[in-house]
Amino acid sequence: MPTREGPRSNEDIEATEVQLITETGDNLGVVSFEDAMARAEEVALDLVEISPNAKPPVCKILDLG
């Protein structure tokens, strides 16, 4: 299986909990992956893992293009 370039996003994120940064830059703290994905879908953007080695990983809602 080929390796992906760049950060994991959306369903490729493997964490069950993430530290969530919103599309406006607000830190919502630790939320479940499902809640983070739901919020990203509400604003029609992507959930992107920006700090995968943090515990829990830091994810931000943004437009991957």
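The structure is a predicted model, in which local features need pLDDT of at least 70 and side-chain atom pairs count only at pLDDT 80 or more, whereas totals for chains, interfaces and linings use all residues. Residues are numbered from 1 along each chain as its sequence is written, and side-chain values use heavy atoms, with hydrogens and water left out.

Remain at Asn10, which lies in the segment before strand E1. Helices (H or I, at least four residues) and strands (E, at least two) are DSSP runs, numbered from the N terminus. Is Asn10 buried or exposed? Asn10 is buried, with a relative accessible area of 16%; buried means under 20%, exposed over 50%, and partly exposed in between (1.4 Å probe, protein chains only). Although Asn10 is not a glycine, its phi is positive, at about 50°.

Next, select Ala44, in the loop between H1 and E3. Ala44 also has a positive phi without being a glycine, with a value near 55°. Ala44 is exposed, with a relative accessible area of 68%. Most residues other than glycine have a negative phi, and most peptide bonds are trans.

For a peptide bond to examine, move to Lys55 and Pro56: the bond from Lys55 to Pro56 is cis, with omega near -10°. Pro56 is placed in the loop between strand E3 (46–51) and E4.

Now select Ile13, Ala15, Val18, Leu20, Val31, Phe33, Ala36, Met37, Ala40, Leu47, Cys59 and Ile61, the 12 residues of the largest nonpolar core. Such a core is a set of buried Ala, Val, Leu, Ile, Met, Phe, Trp, Tyr and Cys residues joined through side-chain atoms within 4.5 Å. At least two core residues come from each of strand E1 (17–21), helix H1 (33–42) and strand E4 (58–62). Which element gives the largest share of this core? H1 does, with four residues.

Finally, display E1 together with strand E2 (residues 27–32): the two pair in the antiparallel sense over five bridges. Strands count as paired if DSSP finds at least two bridges between them. Leu20 stands opposite Gly29 in E2. Five residues lie between the strands of this hairpin, where Gly25 takes a positive phi near 95°.
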